[in-house]
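Open the model in your viewer and keep the selection tool at hand. The stops below go from ring pairs to the nonpolar cores.

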Amino acid sequence: MDFSLTEEHIIIQDTARDFAQNELLPGVIERDENQHFPDALVKKMGELGFMGIMVDPKYGGSGMDTISYVLIMEELSKVDASASVIVSVNNSLVSYGIEAYGNDMQKQKYLTKLATGEFVGAFCLSEPEAGSDATSQKTSAIDKGDYYLLNGTKNWITNGGRADVYLVISQTDKEKGSHGINAFILEKGMEGFHIGPKENKLGIRGSDTHTLQFNDVKVPKENRIGEDGFGFRFAMKTLSGGRIGIASQALGIAQGAYELALKYSKERKTFGTEISNHQSIAFKLADMYTDISAARHLVMKAAWDKDQGNNYDISSATAKLYASKVAMEHTVEAVQIHGGNGFVKDYHVERLMRDAKITQIYEGTSEIQKIVISRSILRD
């Protein structure tokens with residue numbers, strides 16, 4: 001087993017770290033406070049190749065591996081999880097979905113622009129009554145010959161108001177259950193496609209989350225991804241890779257909180273000495289370091305499985321389950337180590353704590369990850 005990074009990986013990691021520290025960190029508190037989407041920073045991330053990390057260069061992507069994706073996501077998430085989730089959705093769900101399962105026309109028309117950051121993508125699965133239960137789609141797509149007529153509502157959509165391209169999962173034949181679901185590519189501005197108000201969220205407030213409504217939207221048949229009835233399998237296959245992205249986001253949030261707590265513990269003094277010299281604080285830091293290291297190994301294992309062409313359903317679910325748990329627990333500890341200052345926005349850890357919670361919810365709740373894992377181990 002070789003746990004060392006290649007020279008190329010180290011360069012990629014350093015590039016992402018420099019961007020996060022020099023570009024994302026200034027203004028991150030203000031963006032969180034005002035729920036401001038970082039348009040200019042998204043453009044810069046596109047120029048760096050972060051919006052199409054794993055996309056083949058022939059489609060304008062960076063052609064990197066999944067390990068590189070994890071490294072970039074961790075560094076961005078240490079500073080700004082709102083920016084990193086934009087990268088995650090654009091890479092794991094939208095670009096990957098089109099590259100892996102779309103036809104050449106769809107790749108040339110959409111993927112080439114998504115990979116460079118010219119377009120931003122959104123993945124539309126969740127509904128008011130279909131989140132964890134993804135088979136209960138109420139959004140319908142009625143086959144009208146050369147087009148589908150789309151009606152319904154999607155909610156909690158990341159990049160919902162700023163995206164140019166939307167992958168929408170819809171029910172075409174209710175009688176067929178999960179085999180009657182399709183995935184479609186929609187464009188902003190299609191007649192009947194309406195974007196609802198922006199959600200006022202606990203965390204990742206700089207990301208753009210909206211409810212979307214479709215009222216008799218005509219979707220050309222060539223915008224369907226894959227064969228008729230492939231939509232549910234498309235969503236599940238795509239989400240497995242998405243979980244690696246969110247696991248690395250959780251890892252980055254935890255690592256960022258740990259680094260801030262470690263630094264603060266060496267500066268803050270009580271009872272005549274730095275608080276890092278108090279066993280109660282030193283042991284908290286030891287637990288943080290250990291748990292984050294374990295999470296990193298799980299995330300890297302899932303990324304390695306994907307790069308090797310192995311089945312990564314269980315490794316991605318395990319990584320997301322554990323990394324999100326570590327992020328939530330240890331951002332709370334980071335606030336505790338900061339004491340009263342941890343409750344103040346200027347010290348950043350309270351934002352990381354708020355951002356951590358969503359990693360246990362989106363792209364499959366922790367409970368759903370346990371279903372995925374338990375079914376796999378019981379089947380084996």
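This is a predicted model: local features need pLDDT of at least 70, side-chain atom pairs count only at pLDDT 80 or more; totals for chains, interfaces and linings use all residues.

Select Phe193 first. Its relative accessible area is 9%, so Phe193 is buried. Tyr166 belongs to strand β4 (residues 165–171) and Phe193 to strand β6 (residues 193–198), 27 residues apart.

Next, select Tyr101 and Phe230. Their ring centres are 5.3 Å apart and the planes meet at 55°, so this pair is tilted. Tyr101 sits in helix α5 (residues 81–101), while Phe230 is in the loop between β8 (224–225) and α7; 129 residues separate them. Tyr101 is partly exposed at 23% relative accessibility, whereas Phe230, at 10%, is buried.

Now centre on Phe234. Beyond its neighbours within four places in sequence, Phe234 contacts Gly97, Tyr101, Phe123, Leu167, Ile169, Ala183 and Ile225. Phe234 is also among the residues that touch the most other members of the largest nonpolar core, which has 66 residues. Helix α7 (residues 231–267) supplies the largest share of this core, 15 residues. A second, separate core has 22 residues, including Met45, Met64, Leu76 and Val87.

Finish with two lysines. Lys218 lies over the face of Tyr147, 5.1 Å from the ring centre. The charged end of Lys221 sits over the ring of Tyr148, 5.1 Å from its centre.

Methods
Residues are numbered from 1 along each chain as its sequence is written. Side-chain values use heavy atoms; hydrogens and water are left out. A nonpolar core is a set of buried Ala, Val, Leu, Ile, Met, Phe, Trp, Tyr and Cys residues joined through side-chain atoms within 4.5 Å. Buried means under 20% relative accessible area, exposed over 50%, partly exposed in between (1.4 Å probe, protein chains only). Helices (H or I, at least four residues) and strands (E, at least two) are DSSP runs, numbered from the N terminus. Contact means heavy atoms within 4.5 Å. Rings of Phe, Tyr and Trp (its six-membered ring) pair if their centres lie within 6.5 Å; planes under 30 degrees apart count as stacked, over 60 as edge-to-face and the rest as tilted. A charge sits over a ring if NZ of Lys or CZ of Arg is within 6 Å of the ring centre and within 35 degrees of the ring normal.
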